Amino acid sequence: MTPLRRRAPIAGLLVALALLAAACGSSSNSSNSADASPTTGAGKDYQWVMVTDQAGLGDQGFNDLAYAGITKSAKDLGGTGKALESSEQAQYVPNLQQAVDDGASLVVGVGFLITDAIVEVAQASPNAHFLSIDNVAADKDGTPLPNVASVTFKENEGAYLAGVIAGLTTKTNKIGFAGGLEIPPVVRFLKGFQAGLKSVNPKATVNVAYVGGFGDAAKTKELAAGYYDDGADIVFEVAGAGGLGAYEEAKARGAGHWVIGTDTCKDALAPDNFLTSATKDVSGAVEREAKAVADGSFKGGVHNLGLAEDSVGVCQKTFGSLPKTIQDAVTKATADIKSGAITVPAQ
Amino acid sequence: MNGILSINLVLSGIYLSTPLLLAAFGGLLSERAGVINIALEGQMLLGAFAGVAAAWWTHSAVLGLLAALAVGALTGLVHAWFSVTLRTDQIVGATAINLLAVGLTSALIQPIWGQPGTSPSVPKFGRIDLPLVQHLPFVGRILDHLSVLDWAALALAPVVWIVLFRTPFGLRLRGCGENPEATASVGIDVVRVRYQAVILSGLLAAAGGAYLSLVQVGVFQREMTQGRGFIALAAMIFGKWRPVPVLGACLLFGMADAFQVRAQTAGVHLPHELLIALPYVVALAALATFVGRSSAPAAVGRAYVKD
């Protein structure tokens, strides 16, 4: 009989291997801090540096959008742009510090989880410039740091325009909202959408439902099915990766069943059913702050970007294929929001 | 209320039950043979992934499903090797499979498809068209909207019941789960039977995962099983390791979930947090009232040592 004791280490080793694989899986790039193809432009010696979160480059989300902003800044303003990838949270502070030590003109931190690391490094290096995307970097007392530009978005203003499009498109006057979880940015999307919808179509109603998470496509699909069965002809998904389920359901049901997406244009998921997206221009926000550094107007604190800054909106790629009347209504609503004639509720 | 209680609710309930059914019957076979299988979640995830990867390479949903079944059987083999041959703690070995599944599938999306998080769309299984069935009142619309895996899942209860209680293989399998030493004493190879049961278990769990990816959404997404393997395990315990009650438990979970989804979409004025918790509340209430004590196979979790 083989003693169990002799076999336990084998199992232990396998568990360790599994943990290692799990750790690798949580980042798309396991290299510590790889330079992602530095781009050089003409002019001054700027260094535009971003530190990714664990999703890394290639996430087709925040990281990629921010990196696009970095690349464009290097091209338009001169200097080099690069990204330091973090495969785990423990690398946030060293990567940010490395960027500062290398003399970066602007250090961009992407993601909710990196905020604390930005606060730590920014307080230790008061002369360096930082940009925190989608979250406010503040000290212990809640005062925003003077050398960090914290960019947040007025999701509600872009969603208002999506609501206008929905209100003028719906034939059944029934629209479904499929959220992941009831958290502030999701609620901002909902409130803006409802206001935009009511402004052009007071008869239309929105029912609200939540999936319970941002990664369950199969359940989001059943949620969309519930809406369509109930007579809705548009579903507005703010359900993260799981939102894909709504497009699958609309595609299976065919033309006349619309989906409105979030953050980026998602027409590729269901070309015949994609109506529009309430978008967030992360790339533009990075460029904006880079420009501010270049012309010396950089200011720390909270920058809440909306339509006036062209930082939110609706999907431009498919905008031209909407009926002319809808395009005009969106243009008018945009002008009214920019001029202050309309204030879009956020909660 | 009219909007909620409809034939579509039943259909949605079946769709939400099918992955649970496939995985729960996988768990039942393994545990009836005496091996705890909390690796169901990881096996589902690997099945969902392998199915999409193979369907993407071969442009065939059928080949995708076959690959998922093969990978599921392989994970079952690994679990059996851990728990039957190496006689490690059955929970620890299964946990390793769960962790490995999450890490491996997440890490492989990028190198295979060149994009992180989600695979491209692959061919899916469609509904099976049955002649004349759609003319039946009430059930016609349901029967006409099921895929091959929905049918397989619904057929599992009678099939597993017959295998367990009416075949020599079933008798041996149950013997290994109740008293492996006594079973061995009448000349049955306990190790062999446990291997067979655990491999079948992995195969069924992987089919449950492939249902999500190859029938429901047609892509693989990181961690797309979202804990369904553990819900299936709960349904198996809730169903007291018996085929018909396990069928009932899975359908109860699925129907309660479909009901809460449709209550939300129909605009019922209840907090959504409460509605989302409904399937679990229903299960707890049923367990606390009329289901009574659960009785696991006597030798489940206990390694068999040949004398």
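In this predicted model, strand β4 (residues 106–110) of chain A pairs with strand β5 (residues 130–133) of chain A through four bridges, in the parallel sense. Within that pairing, Val110(A) has Ile133(A) of β5(A) as its bridge partner. Strand β2 (residues 47–51) of chain A is also joined to β4(A) by four bridges, and these two strands run parallel. Here the bridge partner of Trp48(A) is Leu106(A) in β4(A).

The side chains of a regular strand alternate between the two faces of the sheet. In β4(A), Leu106(A), Val108(A) and Val110(A) point one way, while Val107(A) and Gly109(A) point the other way. The residues on both sides are all buried. Because five of the five residues of β4(A) are buried, the strand is largely enclosed by the rest of the structure.

Chain A also holds an open sheet of six strands, in the order β8-β7-β9-β10-β11-β13, with mixed pairing. Its edge strands are β8 (205–210) and β13 (312–314) of chain A, each of which pairs on one side only. On average, and with direction ignored, neighbouring strands of this sheet are turned by 15 degrees against each other. Lys280(A) stands opposite Val312(A) of β13(A).

Two helices can be followed against these strands. Helix α5 (residues 155–169) of chain A lies across β7 (174–179), β9 (234–238), β10 (258–263), β11 and β13 of chain A, and runs at about 165 degrees to β11(A). Helix α6 (residues 184–200) of chain A packs on the sheet and touches β7, β8, β9, β10 and β11 of chain A. The direction of α6(A) makes about 170 degrees with that of β7(A).

One residue of β11 of chain A can be examined in more detail, namely Thr276(A). Thr276(A) has 31 other C-beta atoms within 10 Å and is therefore buried. Leaving aside residues up to four places away in sequence, Thr276(A) touches Ala162(A), Ile165(A), Ile260(A), Val314(A), Cys315(A) and Thr318(A). Thr276(A) and Asp45(A) are 231 residues apart in sequence, and their C-alpha atoms are 40 Å apart in space.

Next comes a helix pair in chain A. Helix α2 (residues 62–77) of chain A and helix α9 (residues 282–294) of chain A cross at roughly 35 degrees, and their axes come within 7 Å. The crossing of α2(A) past α9(A) is right-handed. Among the residues making the contact are Phe62(A), Leu65(A), Ala66(A) and Gly69(A) of α2(A), and Val282(A), Ala285(A), Val286(A) and Ala290(A) of α9(A). By class, the contact of α2(A) with α9(A) comprises eleven nonpolar, four polar and three charged residues.

The last pair is in chain B, where helix α6 (residues 148–166) and helix α11 (residues 243–265) pack at an angle of about 160 degrees, with axes 8 Å apart. This angle makes α6(B) roughly antiparallel to α11(B). The crossing of α6(B) past α11(B) is right-handed. From α6(B) the contact draws on Ala157(B), Val160(B), Trp161(B) and Leu164(B), and from α11(B) on Pro243(B), Val244(B) and Leu247(B). The contact of α6(B) with α11(B) has seven nonpolar residues and no polar or charged ones.

Note on methods
Residues are numbered from 1 along each chain as its sequence is written. Chains are lettered from A and ligands numbered from 1 in the order in which they are written. This is a predicted model: local features need pLDDT of at least 70, side-chain atom pairs count only at pLDDT 80 or more; totals for chains, interfaces and linings use all residues. Axes are lines fitted to C-alpha atoms, for helices over the stretch in contact, and angles run from 0 to 180 degrees between N-to-C directions. Angles under 35 degrees count as roughly parallel, over 145 as roughly antiparallel, 65 to 115 as roughly perpendicular and the rest as oblique. A crossing is left-handed if the near helix is turned anticlockwise from the far one by less than a right angle, and right-handed if clockwise. Two residues are in contact if their C-beta atoms, placed from the backbone, lie within 7 Å. Ala, Val, Leu, Ile, Met, Phe, Trp, Tyr, Cys and Pro count as nonpolar, Asp, Glu, Lys and Arg as charged, and the others, Gly among them, as polar. A residue is buried if 20 or more other C-beta atoms lie within 10 Å of its own, exposed if 12 or fewer, and partly exposed in between; C-beta atoms are placed from the backbone. Two strands pair if DSSP finds at least two bridges between them.
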